[in-house]
Protein chains: 2
Amino acid sequence: MADEILAQALAALSISPTATISHEPTTSPAQWKEVISANAETPKDFELIKVLVYKPKTAKTATPVPVVVIAREATETNSTAIGKQLNLKELRLAAPELLQEFFGLDKDSLSPFAIDLASFGKVVTVIDPSIADSTSTFAIHASSSSSTIFVSGKDIANYLKSLETDATKLQDLAAPGAAAAAPAPAAKAPAKEKEDAKIEGAVQIAIGVKKEVDFAGWYTNVLIKADMLDYYSVSGCYILKPWSYSIWEEIQTWFNTEIKKLGVQNSYFPMFISQSVLEREKEHIEGFSPEVAWVTRAGQSDLEEPIAIRPTSETSMYPYYAKWIRSHRDLPLKLNQWNSVVRWEFKNPQPFLRTREFLWQEGHTAFLTKEEADQEVKEILDLYRQVYEDLLAVPVIPGIKSEKEKFAGGLYTTTLEGFISTSGRGIQAATSHCLGQNFSRPEMFNIFVEDPNDGSKSHVWQNSWGLSTRAIGVMVMVHGDNQGLVLPPRVASVQAIVVPCGITAKTTDEQRKKINDSCEALAKTLRDKGVRAKADLRDGYTPGYKFNDWEQKGVPLRLEIGPNDLAKNQTLTVRRDTGAKNPVSLDNIGQTVSDLLATIQSDMFNTAKTNYWSHVKAVTEWKDVVPALDGKNIIAIPWCEQEACEDEIKEKSGRAAEPQDERAPSAGAKSLCIPFDQSHWPAIEVGKTKCTGCGKDAKRWTLFGRSY
Amino acid sequence: MADEILAQALAALSISPTATISHEPTTSPAQWKEVISANAETPKDFELIKVLVYKPKTAKTATPVPVVVIAREATETNSTAIGKQLNLKELRLAAPELLQEFFGLDKDSLSPFAIDLASFGKVVTVIDPSIADSTSTFAIHASSSSSTIFVSGKDIANYLKSLETDATKLQDLAAPGAAAAAPAPAAKAPAKEKEDAKIEGAVQIAIGVKKEVDFAGWYTNVLIKADMLDYYSVSGCYILKPWSYSIWEEIQTWFNTEIKKLGVQNSYFPMFISQSVLEREKEHIEGFSPEVAWVTRAGQSDLEEPIAIRPTSETSMYPYYAKWIRSHRDLPLKLNQWNSVVRWEFKNPQPFLRTREFLWQEGHTAFLTKEEADQEVKEILDLYRQVYEDLLAVPVIPGIKSEKEKFAGGLYTTTLEGFISTSGRGIQAATSHCLGQNFSRPEMFNIFVEDPNDGSKSHVWQNSWGLSTRAIGVMVMVHGDNQGLVLPPRVASVQAIVVPCGITAKTTDEQRKKINDSCEALAKTLRDKGVRAKADLRDGYTPGYKFNDWEQKGVPLRLEIGPNDLAKNQTLTVRRDTGAKNPVSLDNIGQTVSDLLATIQSDMFNTAKTNYWSHVKAVTEWKDVVPALDGKNIIAIPWCEQEACEDEIKEKSGRAAEPQDERAPSAGAKSLCIPFDQSHWPAIEVGKTKCTGCGKDAKRWTLFGRSY
């Protein structure tokens, strides 16, 4: 249906579009964006157009005159303002019946070209006038359509104008609101002060999609707009741009320092694992085999045996551990790798959270005794906790995984569980596994040391532990807002951005230079004090554009310097996390800013922690489980720790659940972890406290939740 | 033949070997080692046995009595000492005829089990007595044999003893020499002083194979013994152990700092490239396609289209450069990645130098003008030069590649050419390419910026540049000696090792503690001064064992502390590069050691540089070309720069060449580079100076050589 309409409209257009792309129907804006980005025909720069239909308050006896608004996707359309402009009352988004009545289609088939001569006469059509003026290319895509066309703004306006009659004219959408979120193009440098006022005054949703409304769309938009990531032509793989990769580098630097203190050394094992080696540990490989990518050909030659790309390196490394470990002196052996692994998931991929290739570190250690292994498992988990809590300001709850959820082939798994309050889902943040002697036993990799006295063999105790770039995704989800990314200072590659302000058409070159020089000097002072600071002296961009740009990118602190600030020897500090503005003296500014960054870091963590714990609901009766989950919480229950009970909780809570976001892997609740710290809840009374799931005796409080 | 003998001997043995492995015949010890290491049946720890047959000086009329020596592979057997022990004169390695006469086989079929009742009676058989006592497993492999058996030392001795008659007994090989290179086992802790003396007195070839005699064997032995690397079960892939990976980390840290100063940012692109994208640039893909590894299956599902693992990332990155680069403001774009790439070579792999997966960095930059691109190409090449010369102490000659040797699809390639004097071969050390507009042109990736005034398009100028872990291999080859690795201080993870000495059985616990504490204190003092120092306080190892261990591992400086040193407030410094020993005062030791390390660094570079240039022969007549090459030199010739001439030089020099090491990829000389600095040679007179290759007009002096 939508396709036919497009075809008709295109035929009516005397010009040909920049590009027309056919693709499979998509089920979400994010998926559409991925499909489109991956297509080589897609113009390298385009904007999206949205079509909104409103119904004004109309007397019951009268025929309504719907209002059709055609605007840039990123523009916030304020129905009150539009109503005021058109002198119509109480505009509300139109019901499906109305769309059917006027256009003969549903909202997923709407596009500017869905308006024809017949419908144009019956509605009021309002277009953002900047679309027609723009040099941009616009993507026209009705969400039910399996094609997307790219046309100029002029062509859209011309098409709609071609429908005009004396009685019905196309109307321009008035500012403010309309042009608010559109970045000021470089060519429009003059008259900056006026534009600043507009941007600062207007309510903006720079990110285009509200976090609370379309979380998946918001997430991908933030990543793209903050320049963290781009889609890639191989599905499920993403490009980590410098803005996100630098966060990974910060994590690497800190973590490397810490593990080296523990005697861990970095190394590199090949990414390939031969089939026979990979399949040596049965339980382990069962956990991974559906997702293993196989190389079967090199150049034009088929390989004799297919070779796997590592999904994790246990089986790659342990044959050599068996070779290298010969005596007590060779223990402990502690190696780590920073590499990428491949798990070819067929579920919906999601940047950072579930990708087919991802970056991580994997530590693999071997000890003589279980005690040493146990201790290291905890030490590493605590380093991971510090990465999340101290670097990324993301609160996590440390605990142990249930038998069902532990690492395939391991003895036990400790974990950090994070929480995404917008979706109400738990997320596994990092894991530190004790493998016990499962991989070292004689029938496996046979890793042992011999007692020099009696020749007796001791098989080693092993751990493996990993932290991946998923951490970055969790950080984005926890802190980001409708202005974009919010970076915790410790991992921000730019911690403070200095922006010159108050430069008008009347500003002399000398004054302008003075302001710019002061900004650069301030940035330098801060850098000398160890603050990662930068002055944004780009010509031809308004301060408002710059504010918006750095806010989207999540820079923790903005420092503004204008003529007044210079006169008063001050700078205006603007916090990204709270928006709080505060003028501070330039005297001792290095210390002031360092302190402020530390405050931001700790405030961000505390806010997120309060939020997390407000969503952890202790539930002791089954009837409260699903309502708590549906209320976007995770639950703490006294639990029996039986696998059958866990299965049943998942099944029952899934059945009862409301329909979920299509990106969510599962709507049933699974166990997240058994927290080490049980003191948050009343003590379990053995034989008395019953399991919320099955009513049998409970052992420990356990977190359950829907999860990523 | 050898196989039958083994089978017979095994039948004679009443015990069964630890393992028997059948494999393809191998052509070198290195290849055998690789085959054996990759086999899952191979015991995790074993030593090699060698069998040497000597003929003593014998009167012409007399029948000689050959001496058969059975020793550990690593033990240096001194024929003079053996002769002295047996009271025989002028032992010489036996000629093939003699082996045929006594054993009915050639030297490649010799093994302890090749000695039978008949031959045993006619020869003198000498065995290292420590073999029979050893708890080690020994590999018995005649080089012509397609199997290897693993037996205990006791079994070897028992077999030989079973051949004894009253007339002929098995003899023990006397120390010194025999036990010299064998590490003192942990259980033999007492009586250290005596063993030290032995080790210090004996001439050792710790590495087992002489660099000048079997370079390929020496190279792999050094890498294994220095704990740099291990073989891996997927052929052509190797494990980088911490001792080598830490060198890579040093390079990364330094290079990252430098490129960030140039405005380069790190990022990460997926390892996968879809077939269609990979094949977009024809010339480029032709250069790589025979070596591309293809993923065709994930889990049990065949992929719709095979996906390549990146051999390099031009085609992975540039579609996104086209997307991201929109205006002049987006230039220059400078991204770098640290990753691994896969080139599935079918030639003989060699650790670090030619491996199927290798670690590198690849920089990819885009500029508005050719001038900017040209400048960066040189800046990056100079950073690479600093990595080699300043960090690795490896001299290189910067220049430009010939058209034939330049990067596939690029405009021109600048390169650093290194030299391995032992093999007389050049080696490409690092390359910095100007791609010109070949990848940005409209029919390729179409990367351009638009002029905001007139809308005209400028396609960008691009560079790509890479440095790989090959650098580590070159460093090993250039500096290593017959004691093992020699590390330049700047990249050594341990720059100074402090070894306690002079502890004897009579040493009191108090004295021992005092010496150990002094060593630890010295190491700490050095660490506080920024020296990467460590005290080797391992119990149960003799100082001699420790000396040997750290020498093999190439630690630049050893500091010995014994009772005498303590009394004199001094330490004995021993340089790894020269062996020079010098007592120095402990006062101001931090500065003394720092200075000494700086001296070692610069001496190592200067020595290598002098050596390099002594092997660069200016040749102006064809007749001198092949002799110069055969003399293990590279040549500088006035060259016409024509591709046909280059082909002919390669062909003619290859035809004339002597047989080469089987690992060498080609015996013909190819152009290495046209050095930027032409001042080493007489100025080319245009129209007068003729090309050494073809006699036409020469343009510039160009380096040609056999190469890796």
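Across the interface of chain A and chain B, 31 residue pairs are in polar contact, with both partners at pLDDT 80 or more. Four salt bridges also cross this interface. The model is a predicted one. Chain A supplies 68 residues to the contact, and chain B supplies 67.

**The interface in numbers**

- About 5,800 Å² is buried between chain A and chain B. Carbon and sulfur atoms give 58% of that area.
- In chain A, the residues that lose the most area to chain B are A:Lys44, A:Tyr268 and A:Arg329. Together they make up 13% of what that side buries.

**Charged and polar links**

- The rule finds four salt bridges between chain A and chain B.
- A:Glu249 forms a salt bridge with B:Lys260. The closest N and O atoms of this pair are 3.4 Å apart.
- On the side of chain A that touches chain B, strand 13 (residues 293-298) gives the most, with six residues.
- By class, that side of chain A has 39 nonpolar, 15 polar and 14 charged residues.

**How the two copies are related**

- Chain A can be laid on chain B with an RMSD of 0.2 Å.
- The same surface serves both copies, since 97% of the contact residues of chain A recur in chain B.
- Of the residues of chain A, A:Val295 comes closest to the rotation axis. Its C-alpha is at 2.1 Å.

**A loop residue: A:Thr355**

- A:Thr355 is found in the loop between strand 15 (333-342) and strand 16 (357-367) of chain A.
- A:Thr355 has a relative accessible area of 8%, so it is buried, the cut-off being under 20%.
- The side chain of A:Thr355 reaches the backbone oxygen of A:Glu357 at 2.8 Å.
- Not counting residues up to four places away in sequence, A:Thr355 touches A:Gly236, A:Tyr238, A:Arg343 and A:Gln350.

**A strand residue: B:Leu572**

- B:Leu572 lies in strand 26 (residues 570-575) of chain B.
- Leaving out residues up to four places away in sequence, B:Leu572 touches B:Arg558, B:Leu559, B:Glu560, B:Asp565, B:Lys581, B:Asn582 and B:Pro583.
- B:Leu572 and B:Phe346 are 226 residues apart in sequence. In space, C-alpha to C-alpha, B:Leu572 and B:Phe346 are 49 Å apart.

Conventions
Residues are numbered from 1 along each chain as its sequence is written. Chains are lettered from A and ligands numbered from 1 in the order in which they are written. This is a predicted model: local features need pLDDT of at least 70, side-chain atom pairs count only at pLDDT 80 or more; totals for chains, interfaces and linings use all residues. Side-chain values use heavy atoms; hydrogens and water are left out. Helices (H or I, at least four residues) and strands (E, at least two) are DSSP runs, numbered from the N terminus. Buried means under 20% relative accessible area, exposed over 50%, partly exposed in between (1.4 Å probe, protein chains only). A polar contact is a pair of N or O atoms within 3.5 Å; within protein, one must be able to donate a hydrogen and the other to accept it, and residues adjacent in sequence count only if both atoms are side-chain atoms. Contact means heavy atoms within 4.5 Å. Copies are superposed by least squares on the C-alpha atoms of residues with pLDDT of at least 70 in both. Buried area is the accessible area (1.4 Å probe) that two parts lose on being put together, summed over both. A salt bridge is a side-chain nitrogen of Lys or Arg within 4 Å of a carboxyl oxygen of Asp or Glu. Ala, Val, Leu, Ile, Met, Phe, Trp, Tyr, Cys and Pro count as nonpolar, Asp, Glu, Lys and Arg as charged, and the others, Gly among them, as polar.
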